[in-house]
Amino acid sequence: MNSLLYLNIALTVFAAGSFIYGALHYLRPHRPLYASMIVVGVGCIMLGRIYILARLLAGLVITGIFHVGILGTIGAFGFFYSSNYGQIDSLVDDGSKDFMKYRIIAVSGILITAALYVAVLMSPASLVEKISDGITAVSIAAASYYHVKHIFVPDVDYGVVSCLRLFNILAFLYGALCMGEMAALAYNAEILLIVICSLQCIVSAALIPVMDKGVRSWSK
Amino acid sequence: MEQMSGILFICIALPMIPMLFILPDKKSRLFLGYMIVGATVCLVAGGVNLWLLGLFNNDSMYVTTNITPISEELMKAIPVLYFAILFSDDRETLLSISFALGIGFAVLENAVILTQQIQNVSIVWALTRVIGAALMHGACTAAVGLGMSYIRKRRKLFFCGTFSLLALAIIFHATFNVLVQSSFRPAALIMPAAVYLPVTVNLFLKRRKKH
């Protein structure tokens, strides 16, 4: 698929733009670790895309096999998960029963990811592809739990989460789009792939500026 | 030929051991020690990579672009993790020892590849290996070392953060391996240098400001 090459070029460019913007602002001393982790997460997306692009340019295949390009998505959602779980969650959830409602709502993030993975499982894709997509889905599901939770959970003391709601919506959407991309590749659905990758371009480019806006308003 | 990596290890890494007892300060001994550890990891990785190659029907392109980046980065991370758990989680020390480990790994790897491709080597080849492979190994291990500096300070960040940094290092390594074996070889040189230069300039400026 020649379109796959062009789509990956576009995805690399948009993710790189977002990463460079973030790196210039946040990969410095005395900047919030949360923001730095999100920036490195977007860096993972960019590197994963560069790897896929390099494979395609070298004439190697990316479907039907296990390839380390999936680590770009796994690493990115690992950073998103780690930043939300390690840095923000303890500020908004003290573990009491009052927040049970939001924890249950957050499970919907995992369920949506799982539902999208079922579509991959039912596809004619190879077993290796289904397993590597499954591993990626686990990281997306884990991060989605906190993205959904932080979209709905109220701010308790610090007014931190409300500033990052839009970022969490975008990050959750990016995860769902990654699952959609896997399904489109598994079914070899070219038009669906073009639509999904175009949306991924927009979302990945917006991730850092939106996070930046949120972090600036919280540090005011 | 199979013994060659062992012979090279004896010739390159073992002479550094007596130097360990001569060096005056603890830090220098630590960095040199981790360079020797890096060469040892490279020796072990050579054996593991051969086994992996056999497992994947000798498809060297597939193995070098997908499997060995994972095995090598994991093996390089273990001694750094050991140091972070047992001795110190100081960020600067971890960054330095992990970079030293990566360079030690690259030195032996370069020597092994040199003996394998002795007919085709040139000054350009040597510069390619220095700018590309040596910096790539150093940068990848240093990135993992950075994650490990959170081992005692922030456990919640340590597990996922280190795993994600390991993923980052693996993709970086794998991308380098793809590019270096394709017609886009110059891009493989630019990649590690593009990471190394800004970080080093930043460190240099920071240290100058401190003094």
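Here is a short chat about a predicted model with chains A and B.

Q: Starting with chain A, how many helices and strands are there?
A: Chain A has 7 helices and 0 strands. Along the sequence that reads α-α-α-α-α-α-α.

Q: And how does the radius of gyration of chain A sit against the globule rule?
A: The radius of gyration is 17 Å, close to the 17 Å the rule gives for 220 residues, so chain A is as compact as a globular protein of that length. Its C-alpha atoms fill a box of roughly 55 × 40 × 25 Å along the principal axes.

Q: What share of chain A is buried?
A: Buried residues come to 51% of the 220. On the contact side, taking pairs in chain A with a separation of 6 or more, 79% are between residues 24 or more positions apart.

Q: Switching to α3(A), where's the kink centred?
A: On A:Tyr85, with a bend of about 35°.

Q: Is α3(A) mostly covered or mostly uncovered?
A: Mostly covered, with 18 of its 23 residues buried.

Q: Now the interface: how many residues of chain A are in contact with chain B?
A: 23 residues of chain A, which touch 21 of chain B. The elements of chain A giving two or more residues to that side are α2 (33-57) and α3.

Q: Which of them gives the most?
A: α3(A), with 10 residues. The chain A side as a whole divides into 14 nonpolar, 8 polar and 1 charged.

How values were computed
Residues are numbered from 1 along each chain as its sequence is written. Chains are lettered from A and ligands numbered from 1 in the order in which they are written. This is a predicted model: local features need pLDDT of at least 70, side-chain atom pairs count only at pLDDT 80 or more; totals for chains, interfaces and linings use all residues. Helices (H or I, at least four residues) and strands (E, at least two) are DSSP runs, numbered from the N terminus. The radius of gyration is taken over C-alpha atoms; the globule rule is 2.2 Å times the number of residues to the power 0.38. A residue is buried if 20 or more other C-beta atoms lie within 10 Å of its own, exposed if 12 or fewer, and partly exposed in between; C-beta atoms are placed from the backbone. Two residues are in contact if their C-beta atoms, placed from the backbone, lie within 7 Å. The bend at a residue is the angle between axes fitted to the seven residues ending there and the seven starting there. Ala, Val, Leu, Ile, Met, Phe, Trp, Tyr, Cys and Pro count as nonpolar, Asp, Glu, Lys and Arg as charged, and the others, Gly among them, as polar.
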